[in-house]
Amino acid sequence: MINVQLLYDMEERVDLDDGWLNNTCTNILNDNNQITATISIILSNDNKLHQLKKQYFHQDVLTDVITFNLEDEGDPLEGEIYISLTRVSENAREFKQEIERELKRVIIHGCLHLLGYDDHTLEEKKAMTILEDHYLSQPAISDQT
């Protein structure tokens, strides 16, 4: 079973379809042979992610997403995806995207990182972008029927 929860580390809230979130994350994990997983997606701000980036990665930069794998080797996937809504909003403006679409892209990107995908090289970035586009193009399935 795949368990995905959306948490907030701030007052601001976003309107994100729970059905899309659960179905998309489940599809990504299942496509990578993960049938059991627990993922927490924490929506936060630049200050929090900047602090995490410095503390855990020793980098003094802003970022839109940070992932942490929490499972022990051999255990089902367990992870946290921290997302800066500040960065997502800035990126949406820069790339002329709706904020909701940019947030979905970053959530997909975080799931891919939890599965071991990297984006350190241009080739890795291209591969991740292709996968992001694939999952973004999937029909939106909503629990609100």
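Predicted model: local features only at pLDDT ≥ 70, side-chain atom pairs only at ≥ 80, totals over all residues.
The model contains an open sheet of four strands, arranged in the order β1-β2-β4-β3 with mixed pairing. From one strand to the next, the twist averages 15°. Strands β2 (residues 37–44) and β4 (residues 77–84) run parallel and are joined by eight bridges. Within this pairing, Ser 40 has Glu 80 of β4 as its bridge partner. The pairing of β3 with β4 is antiparallel and comprises five bridges. Here Thr 67 is placed opposite Ile 81 in β4. Strand β3 is mostly covered, with four of its five residues buried.

Helix α4 (residues 99–114) lies across β2, β3 and β4, and its angle to β4 is about 145°.

Leu 43 belongs to strand β2. Its relative accessibility is 0%, and Leu 43 therefore counts as buried. Beyond its neighbours within four places in sequence, Leu 43 contacts Leu 6, Leu 7, Tyr 8, Asp 9, Met 10, Val 14, Ile 83, Leu 85 and Leu 103. The C-alpha atom of Leu 43 is also 8.5 Å from that of Arg 13, although 30 residues separate the two along the chain.

Thr 63, in the loop between α2 (46–57) and β3, counts as buried because its relative accessibility is 15%. Its side chain reaches the backbone oxygen of Val 65 at 3.4 Å. Not counting residues up to four places away in sequence, Thr 63 touches Asp 46, Leu 49, Lys 53, Ser 84 and Arg 87. Asp 17 lies in the loop between β1 and α1 (18–31). Asp 17 is buried but has no salt bridge, and the nearest side chain of opposite charge, that of Lys 104, is 6.2 Å away. A polar atom of the Asp 17 side chain does lie 3.1 Å from the backbone nitrogen of Gly 19.

Five salt bridges were found in the whole structure. One of them joins the side chains of Arg 87 and Asp 46, with an N to O distance of 2.6 Å. Arg 87 is in helix α3 and Asp 46 in helix α2, so this pair ties together parts that are 41 residues apart in sequence. Both Arg 87 and Asp 46 are buried.

A salt bridge also forms between Lys 104 and Glu 100, whose closest N and O atoms are 3.3 Å apart. These two residues are four apart in helix α4, and about one helical turn therefore separates them. Lys 104 is buried, with a relative accessible area of 14%, whereas Glu 100 is partly exposed at 36%.

In the salt bridge between Glu 132 and Arg 105, the closest N and O atoms are 2.9 Å apart. This pair links distant parts of the chain, since Glu 132 lies in helix α5 (residues 122–136) and Arg 105 in helix α4, 27 residues apart. Glu 132 and Arg 105 are both buried. Through salt bridges that share partners, Arg 105, Glu 132 and Asp 133 are joined into one network.

Key
Residues numbered from 1 in each chain as written. Heavy atoms only, no water. Pairing = 2+ DSSP bridges. Axes fitted to C-alpha atoms, helices over the stretch in contact; angles between N-to-C directions. Contact = heavy atoms within 4.5 Å. Buried < 20%, exposed > 50% of the residue type's maximum accessible area, 1.4 Å probe, protein only. Lys, Arg positive; Asp, Glu negative; His and termini not counted. Salt bridge = Lys/Arg side-chain N within 4 Å of Asp/Glu carboxyl O. Polar contact = N/O pair within 3.5 Å; in protein donor to acceptor, adjacent residues only side chain to side chain.
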